[in-house]
Amino acid sequence: MSIANLLEVRNLRVWFPIRRLFKEPLFVRAVDGVSFDLRRGETLAIVGESGCGKTTLGKACLRLVEPTSGSILYDGRDITSIPDKELKWYRREAQIIYQDPFSSLNPFFTVYKILEEPLIVNEVGDDRSELVYKALEDVKLTPIEEFVGKYPHMLSGGQRQRVAIARALILKPRFVVADEPVSMLDVSVRVEILYLLKELQERYGIAFLYITHDIATVKYFSDRIGVMYAGNFVESGLIKTVVSDPLHPYTKALIEAIPDPDPKNRFVERKVVAGEPPNPIDIPPGCRFHPRCPYAMPVCREREPILGEVEKDRYVACWLYDR
Ligand code: SF4
């Protein structure tokens, strides 16, 4: 394992069986052969349409869902082969920020109790109030005295998500999955929260998997990107190269669909990728994207392209870039 990598995921599959009477089970192939590295202290954005498997991938990396096959090396240890009851150390090291802060926070707990709970469960800290106050200061919920006694329903959406971030970071994890952390917030606070995550990442050296359907937000909070389609990556690389010069037809379509912020161009029709993603029970043979791809060739219907390096740190799975 490279010393620069905190996480190395190889050929990861998460298939959910659908049992049928007197018939072989069918499988929902939510994650279907994904490989990637996450370097220490960086953010890798995982982008794709809803249902592409990105949330399942994030949860599998935390062992919140069981992988079907493949490996996940965290700091050199394969966490897929460790029994659940021996993963307590990993539950401290690796945390998640959920999309909906309202349902992820206990409505009967005050902000103080929400933040104190993980410290108690993990037996951390002699002076827990000091850690709680520091966590609130980190997420800029000040004056702190005003917030500690409040319940989640007394906070705005942005303030609730700051509490959820404080709770995720209070145990000083080195790896965090941020699953659509701003998609339920007002547009006006989304960038603020992403910049806050960036600032905390720089301060504490956390590696993030930033899961989002909104490719327009990745530039605020990511170093590299993996574009996911029907359970697997179709393109990955540095944000600045992939977003400014996408190679895979699906990545191109996602980028062309980003609304133009210039009000003059408000009524210019945006191109959207035609058709629907495939049913994960019945993924098409060959290239998974071929039924929707305007460049599909005969080979695309027969043979699956694999993710290969087309230039340094740039990977694409498409026969147009056959190597
Ligand atoms: Fe399109 Fe073929 Fe490339 Fe798939 S492999 S994205 S169908 S050109």
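Ala, Val, Leu, Ile, Met, Phe, Trp, Tyr, Cys and Pro count as nonpolar, Asp, Glu, Lys and Arg as charged, and the others, Gly among them, as polar. This is a predicted model: local features need pLDDT of at least 70, side-chain atom pairs count only at pLDDT 80 or more, and totals for chains, interfaces and linings use all residues. Residues are numbered from 1 along each chain as its sequence is written, and side-chain values use heavy atoms, without hydrogens and water.

**Largest pocket**
- The lining of the largest pocket holds 9 nonpolar, 2 polar and 3 charged residues.
- Nearest its centre, among the 14 lining residues, lie L64, R91, A94, Q95 and I96.
- β6 (94–97), α4 (111–121) and α7 (157–169) each give two or more residues to this lining.
- Helices (H or I, at least four residues) and strands (E, at least two) are DSSP runs, numbered from the N terminus.

- C318 is buried (under 20% relative accessible area; exposed is over 50%, partly exposed in between; 1.4 Å probe, protein chains only), because its relative accessible area is 9%.

**Cysteines**
- The count of disulfides (pairs of cysteine sulfur atoms within 2.5 Å) is 0.
- C61 is in no disulfide, and the nearest cysteine sulfur, that of C52, is 13 Å away.
- C61 has 0% relative accessibility, so C61 counts as buried.

Technical notes: 1 Å grid on protein atoms, 1.4 Å probe; cavity = no way out; pocket = protein on both sides within 12 Å on 5 of 7 lines; lining within 4 Å.
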